[in-house]
Amino acid sequence: MSGFPERARVVIVGLGGIVGASVAHHLIARGWDDIVGTDKSGIPTDTGSTAHASDFCYATSHDNLTCWTTLYSIDFYEKIGHYARIGGIEVARVGDDGRMDEIRRKVDSARAFGTRARLIDPADIKAKFPLLEESMVQGGLWDPDAGLVIPRSQTVAGKLVDQAVADGKLQAFANTSAKSLVIENGRVKGVATDRGTIHADYVVVCAGLWGRLIAEMAGEDLPVMPVDHPLTFFGPYTEFAGTGKRSAGRCCATRATRPICATRAIPRPPKADRSSGATTKSTSRASCIPATSWRRNRRGCRPPSATSTWSRSSRRWSGQSS
């Protein structure tokens with residue numbers, strides 16, 4: 001690659017994440033070129049949110065924009081062969097009538113905004129997610145279009161960037177931090193990086209939780225705040241034996257004050273039965289791993305032996321079966 005350019009039509013700050021990579025892809029699909037993307041980490045990112053995203057896609061929400069963009073994303077991932085439409089469940093425990101009311105409202109919103117979500121009873125929940133105790137839930141929401149980006153949205157980001165670079169429409173610069181914005185007459189006209197300054201007609205900030213720092217360079221306050229939460233993986237599950245699915249592990253995560261629990265059951269290619277694979281969401285604090293336990297056991301998983309080491313790429317201990 002040639003040296004760092006001094007000018008481009010578009011500069012994308014945060015190219016390594018799925019948002020930045022998607023912006024580049026969609027601009028090129030609409031005829032744009034002369035695009036430069038930078039990222040403070042690798043491309044695809046190895047430190048940003050995309051690097052450790054759960055990769056769940058739920059289209060159910062109380063606003064039309066979120067439903068529309070998620071349905072679009074599901075369709076996009078599926079067309080390029082990176083989506084498992086396994087379905088998703090949100091449940092309300094027995095005695096939590098407020099949660100059940102919220103699920104009913106969510107289904108009403110989902111239907112109004114074009115999703116296929118519907119209410120299901122405890123027997124249906126048990127049939128779709130056999131590991132759940134039927135007597136502990138009073139009902140739930142079933143979204144047949146929910147699923148997982150496979151193998152990772154991080155992988156998709158890398159592919160989108162590689163294709164754009166190969167087509168000659170994009171120049172990508174990893175490990176290139178944005179130091180300041182070039183502002184002329186109240187407009188952002190470029191980005192100063194540790195490789196040099198590049199001027200552009202448009203600057204697109206896709207920096208995720210670092211977006212607030214970029215906004216401060218222009219004197220703006222972007223209300224973005226990172227939230228730390230544990231994420232644990234368990235497996236394998238013998239309960240999936242003979243179902244045509246392989247368990248990718250059960251994960252349990254808490255985000256702010258609302259815990260989320262899920263099981264990833266990924267179909268075997270090419271024509272696996274997806275009827276019983278589902279991701280689930282729960283608001284039960286009791287079902288989540290305490291942070292102290294998570295730190296002690298490295299993501300909640302006990303090592304098979306004292307000499308085992310944790311692999312970030314495979315998300316399992318050495319010597320642990322897949």
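Ile12 contacts Gly20, Val23, Ala24, Ile35, Val36, Gly37, Thr38, Val204 and Cys206, leaving aside its neighbours within four places in sequence. Contact here means heavy atoms within 4.5 Å. The model is predicted: local features need pLDDT of at least 70, side-chain atom pairs count only at pLDDT 80 or more, and totals for chains, interfaces and linings use all residues. Residues are numbered from 1 along each chain as its sequence is written, and side-chain values use heavy atoms, with hydrogens and water left out.

Ile12 also belongs to the largest nonpolar core, which has 23 residues. A nonpolar core is a set of buried Ala, Val, Leu, Ile, Met, Phe, Trp, Tyr and Cys residues joined through side-chain atoms within 4.5 Å. Buried means under 20% relative accessible area, exposed over 50%, and partly exposed in between (1.4 Å probe, protein chains only). The members that touch the most others are Ile12, Leu15, Ile35, Tyr77, Val156, Val161 and Leu170. Two or more residues come from each of strand E1 (7-13), helix H1 (18-29), helix H2 (64-79), helix H5 (153-166) and strand E9 (170-173). Helices (H or I, at least four residues) and strands (E, at least two) are DSSP runs, numbered from the N terminus. This core lies between domain 1 (7-52 + 152-217) and domain 2 (56-149), because both give residues to it. The domain bounds come from an automatic or database domain assignment. A second, separate core holds 13 residues, including Val11, Val13, Ala178 and Ala207. In soluble globular proteins, nonpolar side chains tend to be buried together.

An open sheet of six strands runs in the order E9-E2-E1-E12-E11-E10. Its pairing is mixed. Two strands pair if DSSP finds at least two bridges between them. E9 and strand E10 (178-184) stand at the edges with a single partner strand each, so one side of each has no neighbour in the sheet. From one strand to the next, the twist averages 40 degrees. Within this sheet, E1 pairs with strand E12 (residues 196-205) in the parallel sense, over six bridges. Val13 stands opposite Val205 in E12. Helix H1 packs on the sheet and touches E1, strand E2 (35-38), E9 and E12. The direction of H1 makes about 145 degrees with that of E1. Axes are lines fitted to C-alpha atoms, for helices over the stretch in contact, and angles run from 0 to 180 degrees between N-to-C directions.

A three-stranded open sheet has the order E3-E8-E4, with antiparallel pairing. Its edge strands are E3 (56-57) and E4 (83-84), each pairing on one side only. Two bridges join E3 to strand E8 (residues 147-149). Phe56 has Leu148 in E8 as its bridge partner.

Helix H2 packs against elements of both kinds. Its buried residues are Cys67, Thr70, Ile74, Phe76 and Tyr77. These pack against H1, E3, E4, E8 and H5. The 16 residues of H2 should span 22 Å at 1.5 Å a residue, and the end C-alpha atoms are 23 Å apart, which agrees. The expected span is 1.5 Å times one less than the number of residues. Gly81 follows H2 and has a positive phi, near 80 degrees.

Several loops carry backbone exceptions. Most residues other than glycine have a negative phi, and most peptide bonds are trans. The bond from Ile43 to Pro44 is cis, with omega near 0 degrees. Pro44 lies in the loop between E2 and E3. Asp55 is in the loop between E2 and E3. Asp55 is not a glycine, yet its phi is positive, about 65 degrees. At 5% relative accessibility, Asp55 counts as buried. Asn185 also has a positive phi, near 55 degrees, and lies in the loop between E10 and strand E11 (187-193). At 83% relative accessibility, Asn185 counts as exposed. Pro151 is found in the loop between E8 and H5.

Over the whole chain there are seven helices and 18 strands. Of the 322 residues, 45% are buried. Among contacts with a separation of 6 or more, 66% join residues 24 or more positions apart.
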